[in-house]
Amino acid sequence: MDWTRLLLFALLSAGNAELMVVLVNRLHALPIPCRTLRHVRHLHDLLIPGFPLLLVWCLGFRGPQLLVGGNWSDVPLGWTVYLALCALGVLSLLSSVIRHLFRRAPATLLSNHTRLVDVADELGTPPIGDGPFRWLIRVPGNQVFEISVATKHLTLPRLPREWNGLSILHLSDWHFIGTIDKPFFERASELASEQNVDLIVFTGDLLDEQDLAAWIPGTLGSLSAPLGCCFILGNHDWYLDHRAISAALQQQGWVDVMGRVASINHRGRRLLVGGTAAPWIGDHPDFSAAARDAHSNPALRDFRLLLSHTPDHLRWAQSEDVDLMLAGHNHGGQVVLPLIGPVYSPSLTGCRFAGGLFEDSPTVLHVSRGLSGRHPLRINCRPEITKIVLHSPEPGSNSAG
Ligand SMILES: [Fe+2]
């Protein structure tokens, strides 16, 4: 047995797994029907454990017999091409690990305070309903009921001086499916309400089960803020009757900003809140038209806030001169492995924007880990609700606590 070659087979198998993950992540960033995506996931489930067995059998002991003294020159062309791709997969995996290990908080972040609330502990029993994938909740280390209530103070270069201390509550990805039961979301809503913010936003994926729109009045519907509550929907809402979901939220006083811009006057300045659930629902909002309308003051620049379900629209946001972009969709990866970091993130950029804060001038991007998910599994990746407090960079105006 050639142990060096067996080790190489193991590396190439890791590269194959990376290719499968890259494929699954990218396809989940596109408007592909749920059923097709399920088939892709099944293929991924089959090929990750199946490939090493195939490699050892087809190339190791049969064919060129690489594990017992055979020659690489006898490897068929098809296998050679795929093994070269696997080698690229290994490089991709390495670059992800390096990016994860060396990631630093951007300079815009002044402070980040987190309070943990274990809802299962508070209730005395885990709030488990009769939805699918219940068995996942019992996985050791699962943090699905441990809400991270974060307060992040950011300094934004173009924040109007008059708005110093403006606060926004960023909620995302609540995924009502019935497995995590309603009391969990009621408690999350209480925590949200206690934050006393100026504006509340929700960045998509509210439902995985249409009937659970009935939970809206007792959860998101119970929230209010002086500058209002704005929302967009996400790809999981798109799989259902998203118009009915939007109507149910609007009945509770929430403002739908999908494909449009809402204008909010605050202390003599205008906040433009645009929303996009593209590529699943509608199109991008037109900030330029909103900035030109009759109520705008050409002497004063309007502050631009974008709600985008996926962070994949960061480049577009930059081109639209957006100041702050709030996104969800990627759930922080849900499972964050030691050293490697998150693995699954349904984005065109993979795990790069799985969760957290990013700065790419002129736009600051916050990606929420969300509160829940279709699959009730979170390891090293707690559900979150986030209060974002904005500060003007002018001297003496920063007052982060
Ligand atoms: Fe989601």
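Mentor: Two strands pair if DSSP finds at least two bridges between them, and the elements named here are DSSP runs, numbered from the N terminus, with helices being H or I of at least four residues and strands E of at least two. The model is predicted, so local features need pLDDT of at least 70, side-chain atom pairs count only at pLDDT 80 or more, and totals for chains, interfaces and linings use all residues. Residues are numbered from 1 along each chain as its sequence is written, and side-chain values use heavy atoms, with hydrogens and water left out.

Trainee: What is the order of the strands in the open sheet of seven strands, and why is one side of β1 and of β6 left without a neighbour?

Mentor: The order is β1-β2-β15-β3-β4-β5-β6, and the pairing is mixed. β1 (109–118) and β6 (255–256) each have a single partner strand and stand at the edges, so one side of each is without a neighbour in the sheet.

Trainee: What makes strand β15 mostly covered?

Mentor: A residue is buried under 20% relative accessible area, exposed over 50% and partly exposed in between, with a 1.4 Å probe and protein chains only. In β15 (residues 384–391), eight of the eight residues are buried. In a regular strand the side chains alternate between the two faces of the sheet. Here E384, T386, I388 and L390 point one way, while I385, K387, V389 and H391 point the other way, and all are buried.

Trainee: Is P157 buried or exposed, and how far apart are P157 and H391 in space?

Mentor: P157, in the loop between β2 and β3, has a relative accessible area of 61%, so P157 is exposed. P157 and H391 are 234 residues apart in sequence, yet 8.5 Å apart in space, C-alpha to C-alpha.

Trainee: Which residues coordinate the iron ion, and why is the arrangement called irregular?

Mentor: Donors are N, O and S atoms within 2.8 Å of the metal (3.2 Å for Na, K and Ca), and because water is not among the atoms, sites may look incomplete. D173 (OD), H175 (NE2), D205 (OD) and H331 (NE2) coordinate the iron ion at 2.1 to 2.2 Å. Four donors count as tetrahedral if all angles lie between 85 and 135 degrees; four count as square planar and six as octahedral if opposite donors are over 155 degrees apart and all others between 65 and 115; anything else is irregular. The angles around this ion are 87 to 174°, which makes the arrangement irregular.

Trainee: What parts of the chain does the pair D173 and D205 tie together, and why do D173 and D205 have the accessibility class that they have?

Mentor: D173 lies in the loop between β3 (167–171) and α5, and D205 in the loop between β4 (199–203) and β5 (229–232), so parts that are 32 residues apart in sequence are tied together. D173 has 0% relative accessibility and counts as buried, and D205, at 1%, counts as buried too.

Trainee: What is noted about the phi of H331?

Mentor: Most residues other than glycine have a negative phi, and most peptide bonds are trans. H331 has a positive phi of about 55° although it is not a glycine, and H329 has one of about 75°. H331 lies in the loop between β10 and β11 and is buried at 7% relative accessibility. Among the peptide bonds, the one joining A278 and P279 is cis, with omega about 5°.

Trainee: What makes the pair F51 and W79 tilted?

Mentor: Rings of Phe, Tyr and Trp (its six-membered ring) pair if their centres lie within 6.5 Å, and planes under 30 degrees apart count as stacked, over 60 as edge-to-face and the rest as tilted. The ring centres of F51 and W79 are 6.2 Å apart and the planes are at 40°, so the pair is tilted.
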